[in-house]
Amino acid sequence: MTDKISTPLKTKELIEKYGFYFKKNFGQNFLIDSNVLSNIVSAAEIQKDDFVLEIGPGIGSLTQYLAESAGYVTAIEIDKNLIPILSETMNGYDNFEVINEDVLKLDINALIAENGNGKKAKLVANLPYYITTPIIMEILEKHADIKSMTVMVQKEVALRMLAKPKSKDYGALTAAVQFYCDAKLDFIVKPNCFMPRPKVDSAVITLTIKDKPISVKNQEFMFKIIKCAFGQRRKTLLNSLYNQGGFGLSKDELALILKNMDLDSRVRGEELSVEQFAYLSDSIYEKINYK
Ligand code: SAM
């Protein structure tokens, strides 16, 4: 097994040896703190028979820890200049492979089916921040065969995913994440744990996919309502639904639906829980279809 590379000195030595330059446009901030790395593996509750998918292994700092705890690790890395470095740092781990691809262009389910031995994957990653939301949304909306995601994201984005109704961070992203997952904050990570240092604090969160998703007649329709509700935060939910929804219902009909849910006609979108959005969606959907 190769020595651990997650120290500032070893990381620096490696990137100098290979003449590697950090690319800002790929969100390259490598972890150099061994405590953070072992805490990520603990938060993900990695077991010896787990199949782990890592997005963006970089030079392999987290990958080494994952390969030591998991059954098998498949990593997806966009930057071809990192592949030779990974060959060195992952030398000796026979339960690891890297795919040199853009994760957003890959068929994740096909990849899991090929490598997972019939198992769902655990996704563990220090995500490139410029595509955090597209990656997470792609996985949720395509119903990828993933059990849980333990991911490092910008603290501000983590707070939005974990937000409670009526808070300033609660929005369309919160509703989408909490519709599909149970979300928990694992810990906060300071900029000095990375090379180079990002400008903002980061957070590790675990999103566990719900076994039983919230029941709703038409998911796509519900997300349309959620988007409409958060489109103009200063407007009441009633005005947003009436002006932007395009449901063909009168304001009185929409107000009655809210009243039947014990909601005031002046309620704003950010005051509704995900369960209430599902109920609202079903009520509007039924009203339209049985009109
Ligand atoms: N896991 C390493 C660590 O913790 O030190 C590196 C994390 S770094 C924040 C993000 C990594 O994602 C980089 O290695 C970057 O090249 C890679 N990356 C960026 N965009 C990607 C994409 N679209 N598909 C796959 N990997 C990507």
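The accessible surface of the protein chain comes to about 14400 Å², and 49% of this area belongs to carbon and sulfur atoms. Such areas come from the Shrake-Rupley method with a 1.4 Å probe; for residues, only the protein chains shown count as cover. This is a predicted model, in which local features need pLDDT of at least 70 and side-chain atom pairs count only at pLDDT 80 or more, while totals for chains, interfaces and linings use all residues. Residues are numbered from 1 along each chain as its sequence is written, and side-chain values use heavy atoms, with hydrogens and water left out.

**Overall chain**

- The protein chain has 12 helices and nine strands; these are DSSP runs numbered from the N terminus, with helices being H or I of at least four residues and strands E of at least two.
- Along the principal axes, the C-alpha atoms fill a box of roughly 70 × 40 × 30 Å.
- Of the 291 residues, 51% count as buried (under 20% relative accessible area, with exposed over 50% and partly exposed in between; 1.4 Å probe, protein chains only).

**Helix 10**

- In helix 10, residues 237-244, the buried residues are L237, L238, S240 and L241.
- They lie on the same side of helix 10, because they cover an arc of only 170° around the axis, taken from the directions from the helix axis to the C-beta atoms.
- An α-helix has 3.6 residues a turn, so residues three or four places apart point the same way.
- The cover over the buried residues of helix 10 includes helix 9 (219-231), helix 11 (251-260) and helix 12 (274-289), where contact means heavy atoms within 4.5 Å.
- G246, which follows helix 10, has a positive phi near 65°.
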